[in-house]
Amino acid sequence: MARAATTTDIFNALGETSRRQILDVLAAGEATVGAIVAELELSQPQVSKHLKVLRDVDVVHARHDGRHRVYRVHAPALRPLQTWLARLTDAVNQHYDRLDEYLADTQSSARAGHTTHEEN
């Protein structure tokens with residue numbers, strides 16, 4: 001299956017470290033490009049490029065405040081990630097639950113065998 005373009009797929013868009021770092025900055029509240037540049041020590045063109053990708057997948061929104069654009073996280077766009085992570089977490093937890101049951105059964109059998117062996 002062909003990989004979706006970065007600008008249309010949230011998973012690909014967030015696969016880039018700098019974009020996740022930008023989201024970390026925006027998670028604390030709205031910020032201008034200049035504030036993001038200062039926080040992450042990236043160049044202004046880099047930050048602008050990454051913000052465009054994040055806007056294209058609807059993860060960030062911008063509003064104008066005078067001559068500046070102020071960016072913020074658009075949380076509903078993160079829903080596909082939350083859904084995927086919840087399914088993955090459930091699957092992993094089920095595996096651990098089965099492992100816990102297996103270990104409990106093994107320990108119980110070992111104790112029963114040890115008690116029977118001592119009685120003989």
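**Salt bridges, a nonpolar patch and a helix crossing**

Asp-56 and Lys-52 sit four residues apart in helix H4 (residues 44–56), so about one helical turn separates them. Their side chains meet in a salt bridge, at 2.8 Å from N to O. I will come back to that pair after some ground rules.

What you have on the screen is a predicted model, in which local features need pLDDT of at least 70 and side-chain atom pairs count only at pLDDT 80 or more, while totals for chains, interfaces and linings use all residues. Residues are numbered from 1 along each chain as its sequence is written, and side-chain values use heavy atoms, with hydrogens and water left out.

Now the overall layout. The protein has five helices and three strands. Helices here are DSSP runs of H or I with at least four residues, strands are runs of E with at least two, and both are numbered from the N terminus. Going along the sequence, the order is α-α-β-α-α-β-β-α. How many of the 120 residues count as buried? The buried share is 22%. Buried means under 20% relative accessible area, exposed means over 50%, and partly exposed is in between, with a 1.4 Å probe and protein chains only.

Back to the salt bridges. By that I mean a side-chain nitrogen of Lys or Arg within 4 Å of a carboxyl oxygen of Asp or Glu. As a general point, side chains of opposite charge can pair when their charged atoms come close. The search of the whole structure turns up two of these bridges. Asp-56 counts as partly exposed, because its relative accessibility is 37%. Lys-52, at 43%, is partly exposed too.

The other bridge joins Arg-63 to Glu-30, with 2.7 Å from N to O. Where do these two sit in the chain? Arg-63 is in strand S2 (residues 60–65), and Glu-30 is in the loop between helix H2 (17–27) and strand S1 (31–32). They are 33 residues apart, and the pair links distant parts of the chain. Arg-63 has 35% relative accessibility and therefore counts as partly exposed. Glu-30, with 41%, is also partly exposed.

While we are on strand S2, His-61 lies there as well. His-61 is partly exposed, at 24% relative accessibility. Its C-alpha atom is 5.7 Å from that of Tyr-71, which is 10 residues away along the chain.

Next, the surface. There is a nonpolar patch of about 880 Å², and its members include Phe-11, Trp-84, Leu-88 and Tyr-102. The rules for a patch are residues with over 30% relative accessible area and no salt bridge, with nonpolar side chains (Val, Leu, Ile, Met, Phe, Trp, Tyr) joined within 5 Å and like charges within 9 Å. The areas come from the Shrake-Rupley method with a 1.4 Å probe, and for residues only the protein chains shown count as cover. Which element gives the most to the patch? Helix H5 (residues 79–119) does, with eight residues. Trp-84 is placed in H5, and is partly exposed because its relative accessible area is 40%.

Now the helix packing. In general, two packed helices are described by the angle between their axes and the distance between the axes. Here the axes of helix H3 (residues 33–40) and H4 come within 9 Å and cross at roughly 115 degrees. That angle makes H3 roughly perpendicular to H4. For the terms, axes are lines fitted to C-alpha atoms, for helices over the stretch in contact, and angles run from 0 to 180 degrees between N-to-C directions. Under 35 degrees counts as roughly parallel, over 145 as roughly antiparallel, 65 to 115 as roughly perpendicular, and the rest as oblique. The H3 and H4 crossing is right-handed, meaning that the near helix is turned clockwise from the far one by less than a right angle, with anticlockwise being left-handed.

In H3 we have Glu-39, which is exposed at 56% relative accessibility. Pro-45 belongs to H4 and is exposed as well, with 54%.

Last, two backbone notes. Glu-41, in the loop between H3 and H4, has a positive phi of about 55 degrees although it is not a glycine. Glu-41 is exposed, at 74%. Asp-58, in the loop between H4 and S2, also has a positive phi, near 70 degrees. Asp-58 counts as partly exposed because its relative accessibility is 32%.
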